[in-house]
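I opened the model to look up a few local features. My notes follow.

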Amino acid sequence: YAGVTPEAFRNPGRGKELALSQYQSGVNVIFHASGSTGLGVFEAARATNKYAIGVDADQWDEAPGHVMTSMVKGVDAATYDAVARVKAG
């Protein structure tokens, strides 16, 4: 948990610090939902040879071999479905 302010979502250094602490305590996988703070999580995953889960887009390229998967919201599909339902009555 990086915090509640906007800074919490744009602080890769803090993300790395928090992730290293978690990995060193025995965690093998971290799922981040933290904007660019998550880039620090990927740095820590590479440094410790552990794993991370990305968010919002395919984040494999951020740490190849260390990103297990990425959670993609599919907002485009949900929006399309909502508009189609309204249009259909």
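I call a residue buried under 20% relative accessible area, exposed over 50%, and partly exposed in between (1.4 Å probe, protein chains only). This is a predicted model: local features need pLDDT of at least 70, side-chain atom pairs count only at pLDDT 80 or more, and totals for chains, interfaces and linings use all residues. Residues are numbered from 1 along each chain as its sequence is written, and side-chain values use heavy atoms, without hydrogens and water.

**Strand β1.** I looked up V29 and found it in strand β1 (residues 29-31). Helices (H or I, at least four residues) and strands (E, at least two) are DSSP runs, numbered from the N terminus. V29 has a relative accessible area of 35%, so I list it as partly exposed.

**Helix α1.** I checked the span of helix α1 (residues 12-24) next. The expected span is 1.5 Å times one less than the number of residues. For its 13 residues that should be 18 Å, and the end C-alpha atoms are 18 Å apart, which agrees. Which residues of α1 are buried? I noted G15, A19 and Y23. They cover an arc of only 60 degrees around the axis, so they lie on the same side of α1. The arc is that of the directions from the helix axis to the C-beta atoms. The buried residues of α1 pack against β1, α2 (38-48) and β2 (51-55). After α1 comes G26, with a positive phi near 115 degrees.

**Loop residue S34.** I found S34 in the loop between β1 and α2. Its relative accessible area is 11%, so S34 is buried. Leaving aside neighbours within four places in sequence, S34 is in contact (heavy atoms within 4.5 Å) with A8 and F9.
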